[in-house]
Amino acid sequence: QVQVAESGGGLVQAGGSLRLSCAASGRTFSSYAMAWFRQAPGQEREFVAAISSDFRRYHADSVKGRFTISRDNAKNTLYLQMNSLKPEDTAVYYCAAGAGMSIIRGNVDYWGQGTQVTVSS
């Protein structure tokens with residue numbers, strides 16, 4: 001079993017940067033595919049980025065070139081570096097763990113509680 005907890009959200013001006021972290025418990029972190037999702041008010045939760053257990057990365061078109069997902073298995077931590085932030089990036093960001101890269105389609109085994117990111121114009 002894996003428990004995940006996000007941190008690093010906050011308020012930032014458009015064009016700014018934030019780095020989200022997701023600390024995971026459990027000795028099997030390295031075997032999980034990990035991902036970030038986000039949910040804006042009144043909208044459905046959407047996929048942002050994923051990274052496989054062997055470090056393959058996928059980013060949604062809406063964030064490609066601006067956001068970068070990474071993981072540090074020695075620290076059991078997942079990251080999301082967000083640059084050139086836009087007001088439309090405002091959302092609650094969730095960390096997720098899954099058995100494979102079907103996590104991209106929402107096949108998630110474990111969810112975090114979420115961290116708020118607000119981008120002002």
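Predicted model: local features only at pLDDT ≥ 70, side-chain atom pairs only at ≥ 80, totals over all residues.
Biologist: How many helices and how many strands does the secondary structure of the protein come to?

Modeller: The secondary structure comes to 0 helices and 11 strands.

Biologist: What makes the radius of gyration of the protein agree with that of a compact globule?

Modeller: A compact globule with 121 residues would have a radius of gyration near 14 Å, and the protein has 13 Å, so the value agrees with the rule. Taken along the principal axes, the C-alpha atoms fill a box of roughly 40 × 25 × 25 Å. Buried residues make up 45% of the 121 residues, and of the contacts with a separation of 6 or more, 57% are between residues 24 or more positions apart. The protein exposes about 6100 Å², of which carbon and sulfur atoms supply 44%.

Biologist: Why is glutamine 1 called exposed?

Modeller: Its relative accessibility is 71%, and exposed means over 50%, so glutamine 1 belongs in that class. Glutamine 1 lies in the segment before β1 (4–7). Leaving aside neighbours within four places in sequence, glutamine 1 is in contact with Ser25, Gly26 and Tyr110. Glutamine 1 and arginine 27 are 26 residues apart in sequence, while their C-alpha atoms are 8.9 Å apart in space.

Biologist: Why do serine 62 and phenylalanine 55 count as partly exposed?

Modeller: Serine 62 has 39% relative accessibility and phenylalanine 55 has a relative accessible area of 43%; buried would need a value under 20% and exposed one over 50%, so both residues fall in between. Serine 62 lies in the loop between β6 (57–59) and β7, and phenylalanine 55 has its place in the loop between β5 and β6. From serine 62 to valine 4 the separation is 58 residues in sequence and 25 Å in space, C-alpha to C-alpha.

Biologist: What is the phi of phenylalanine 55, and what is that of asparagine 76?

Modeller: Most residues other than glycine have a negative phi. Phenylalanine 55, although it is not a glycine, has a positive phi of about 75 degrees, and asparagine 76, also not a glycine, has a positive phi of about 50 degrees. Asparagine 76 is placed in the loop between β7 and β8, and the hairpin of these two strands has 4 residues between them.

Biologist: How do you know that β7 and β8 pair, and which strand does β8 also join?

Modeller: Pairing requires at least two bridges, and β7 and β8 have 6 in the antiparallel sense, so they count as a pair. Within that pairing, phenylalanine 67 has methionine 82 in β8 as its bridge partner. By the same rule β3 and β8 pair as well, because 6 bridges join them, again running antiparallel. Here alanine 23 stands opposite threonine 77 in β8.

Biologist: What makes β8 largely enclosed by the rest of the structure?

Modeller: Of the 6 residues of β8, 5 are buried, so the strand is largely enclosed by the rest of the structure. One residue to look at is leucine 80, which, leaving aside neighbours within four places in sequence, is in contact with residues including Leu18, Leu20, Trp36, Val48, Phe67, Ile69 and Tyr93.

Biologist: Which residues of the largest nonpolar core touch the most other members, and which elements give two or more residues to this core?

Modeller: The core holds 38 residues, and those that touch the most other members are Met34, Trp36, Leu80, Met82, Tyr93 and Ile103. The elements that give two or more residues to this core are β3 (18–24), β4 (33–39), β5 (46–51), β7 (67–72), β8 (77–82), β9 (91–98) and β11 (115–120).

Biologist: Why is the link of cysteine 22 and cysteine 95 called a disulfide?

Modeller: The sulfur atoms of cysteine 22 and cysteine 95 are 2.0 Å apart, and a disulfide needs a pair of cysteine sulfur atoms within 2.5 Å, so the pair qualifies. The pair links distant parts of the chain, with cysteine 22 in strand β3 and cysteine 95 in strand β9, 73 residues apart. By this rule the count comes to 1 disulfide.

Biologist: What is the hand of this link, and are its cysteines buried or exposed?

Modeller: With -70 degrees about the S-S bond, the link is left-handed, and both cysteine 22 and cysteine 95 are buried.

Notes
Residues numbered from 1 in each chain as written. Heavy atoms only, no water. Buried < 20%, exposed > 50% of the residue type's maximum accessible area, 1.4 Å probe, protein only. Contact = heavy atoms within 4.5 Å. Core = buried A, V, L, I, M, F, W, Y, C linked by side-chain atoms within 4.5 Å. Rg over C-alpha atoms; globule rule 2.2 N^0.38 Å. Areas by Shrake-Rupley, 256 points an atom, 1.4 Å probe, with all protein chains shown as cover.
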